[in-house]
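Here are some notes to read alongside the model, written as numbered points. Please keep the sequence and the 3D view open while you go through them.

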Amino acid sequence: MSDNTNRVGSRVSKFIKDIGIYAIGNIGSKIITFLMVPMYTHYVEKSDFGYYDLCFTWCLLLMPFVTLQLRDGAFRFLLDCDNDTRRQRIVTFVSRTMISTTVLSCIITAAMAMFTNIQYLGYALGMLLAMSFQEVYSQVFRGLGNNRAFVTVGILSALGIGLFSIFFVVGLGWGIKGIFLANILARVLALIIVEARVRLISRNTRWSISSREVARDILRYTLPLLPGSLCWWLTGSSDRLFISHFLGLDVNGVYAVATRFTGIIYTLAIIFYQAWQETAILQYNSPDRNRFFSRMFNSYILLLGLILVGYAFLLKVNYGWLVAFEYQQSLNFIYPLGLSAVIFAIAAFFDMGYQCAKDTKRTLPAIVLAAIVNLIFNFLLIKPLGVYGVITTQLITYLVLVVYRWFDMRRYFVLKFELRTLVPIVLMVACAIPFYYNKSAWLDIACMAVAIACMAWPYHEELLSKLSKRLKT
């Protein structure tokens, strides 16, 4: 038992170190992005910001098809690859595929421009391609073991978006066009700067070698993810289309501000996910896998509870000066959107079983079910409830996904749910009451402190034990 405990402890320690690495990149970049929201709300019209958010949503839909989900495939196959020649074949295949899909995307866009009059179509294509290259090659850096390069791309990209946004949006007054240009230039330059320093892509790309063998294996892994990505988009991003169509671009602009802030929770969940992804894949075949995965799962629920409560109440207290007056209504959407992000993060935890077993085709039934539920409830609820109908639909959709995957994951690992984990779950739901009915900032802070203390109390012995060990070392 002690050997198992030591093994679990050492893996947890490595996992915590990985979280630190990914936190530097994600939090640093998202803080910069977060600081852009007040600027955009002051210098960009609501309808324009709503239109940009709509274009961004379409880019999220199209990016998996431009990249053929190589962001997932490249990382997964590079991570457990111990052969230099095979690494070169993988990176070469990635580069060839990205060039081919880029050319095809440009041809399709040129044809669309001849027969349609879509506003800012060229800028949207530029942003789509810049996002695609950043996503794929960042994961290549990560798969090749250079997490520092992965982190640096994220930080430089966000810093560039901030600086270029100030120059184009505030300085030149270019509005939505400036936001597009800031995103394109920042992402491209960040990738070029990092690659010029580490030269991982150029050193591992060999145009003369055949990549047919690895292409077959990678595409067998990534292609089943494509219909899943479409369903994920319908589940997580189609809300903007419903709002824009039924409620208008102005309302979508207000909603977009709330989702930008909710991105804080998604970012923190991504930090955990990236560290957990690497750890889970490497430890999947260990004999005490179920014990280790269960410990991580229960700790994750606690972490999500602490994040949601702290995020929601601190944001509420400071919302008045963060957001321009015409966007203040978005505060009403913050808590349920945050809760929705938490449920999504739990569903993503279960997704790791498919990746560990390279059984990605099994992801599809759950995602198709979630997409169907999402579309049905959006149509049913958006007219009577407005934006709250869309948010309610998100909550229902992600709950369905969590329940389905809880049972489906048993083919890969079995999780033991601890009773004390019910405390953060209950408090995450209950804290919605003081969030909406408290009017005093001091009461909000008091409610937040009490809720966080109640969540942490069942774990206080473990927390104190770890703290004392840290102090001794």
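1. Which element gives the largest share of the lining of the second largest pocket? That share, eight residues, comes from α2, where helices are DSSP runs (H or I, at least four residues) numbered from the N terminus. A pocket is an open set of points on a 1 Å grid over the protein atoms alone, where a 1.4 Å probe fits, with protein on both sides within 12 Å along at least five of seven lines, and lining residues have an atom within 4 Å of a point.

2. This is a predicted model, in which local features need pLDDT of at least 70 and side-chain atom pairs count only at pLDDT 80 or more, while totals for chains, interfaces and linings use all residues. Residues are numbered from 1 along each chain as its sequence is written, and side-chain values use heavy atoms, leaving out hydrogens and water.

3. Of the 21 residues that line the second largest pocket, W58, L62, M112, L121 and L128 lie nearest its centre. The elements that give two or more residues to this lining are α2 (46-67), α4 (84-115) and α5 (121-143).

4. Q69, in the loop between α2 and α3 (70-79), has a positive phi near 60° although this residue is not glycine. Q69 counts as buried because its relative accessibility is 9%, and buried means under 20% relative accessible area, exposed over 50%, and partly exposed in between (1.4 Å probe, protein chains only).

5. R199, in the loop between α7 (176-198) and α8 (200-204), also is not a glycine and has a positive phi of about 55°. With a relative accessible area of 46%, R199 is partly exposed.
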